[in-house]
Amino acid sequence: MEPVEQGISALISGIEADARAEEQRLLTEARTQADEKQQYARQKIESILKEARDKAAVQTESIHRKAVSDVELEIKRRRLQMRDALLHQILDQAEQRFAGRIDEPDYATTLTNWIVEAAIGLEADAAQVNASPRERALIDAAMLERAGEQVRARAGRPMSLTLSNDPPLKGQGVVLTTMDGRMAFNNQIRTRMLRKQRQIQKQVYDRLFAGDREE
């Protein structure tokens, strides 16, 4: 082979070798990049899955806490409803028992005491007394005079009491009104119990719910 041909052949061989080397380098680099991208993708997928699991765990715990809280609130609401219903039942029964006492011999004394309490609370020189129909039948001039004397003894001032001309009250107890009708003192059973509702509630809860206190 001629020297020139040998030179060209060597040059071509060199170029081919360089090309194969470059091809190999590029393939190796491509494989490396592919491996790196695959590893990054796996890490990214694992990170996304971990974040999703963490969020799911947080949401699950939140849902659990809300469910427990809702149940506790419902139990508390029903307990309070039961207590209120029981308290109203007790108050109704107490009112019925008081109504049954009207026919007892000593009820006139109780009625007089209520008139005196209302008269002292009204703080007037004169007042009209009203009550339910059955109680009005017990109120006479003698009872009103005795009540007036007790007011004088306890409050240190005179008190003139007369039976009201207004229609009888529906509820048990008495209502005293000043002669000009501007002020009144309600001393009926229901109003008396409302004034002492907190004490009644405490007594009922202490006796019936002593082991079930709310924090």
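Predicted model: local features only at pLDDT ≥ 70, side-chain atom pairs only at ≥ 80, totals over all residues.
Local features require pLDDT of at least 70 and side-chain atom pairs pLDDT 80 or more, whereas totals for chains, interfaces and linings use all residues. Residues are numbered from 1 along each chain, and side-chain values rest on heavy atoms, without hydrogens and water.

The largest pocket holds about 280 Å³ of space. Here a pocket is an open set of points on a 1 Å grid over the protein atoms alone, where a 1.4 Å probe fits, with protein on both sides within 12 Å along at least five of seven lines; lining residues have an atom within 4 Å of a point. Among the 13 lining residues, Leu91, Ala94, Phe98, Met193 and Ile200 are closest to the centre. H1 supplies the largest share, six residues.

| Helix | Residues |
|---|---|
| H1 | 3-100 |
| H5 | 189-195 |
| H6 | 197-208 |

The axes of H2 (residues 107-122) and H4 (residues 141-155), lines fitted to C-alpha atoms over the stretch in contact, come within 9 Å and cross at roughly 50°. In the contact (heavy atoms within 4.5 Å), H2 residues including Leu111 and Val116 meet H4 residues including Leu144 and Val151.

Notes: Points joined across faces, edges and corners; volume = space filled by probe spheres on them. Helix = DSSP H or I, 4+ residues; strand = E, 2+ residues; numbered from the N terminus. Axes fitted to C-alpha atoms, helices over the stretch in contact; angles between N-to-C directions.
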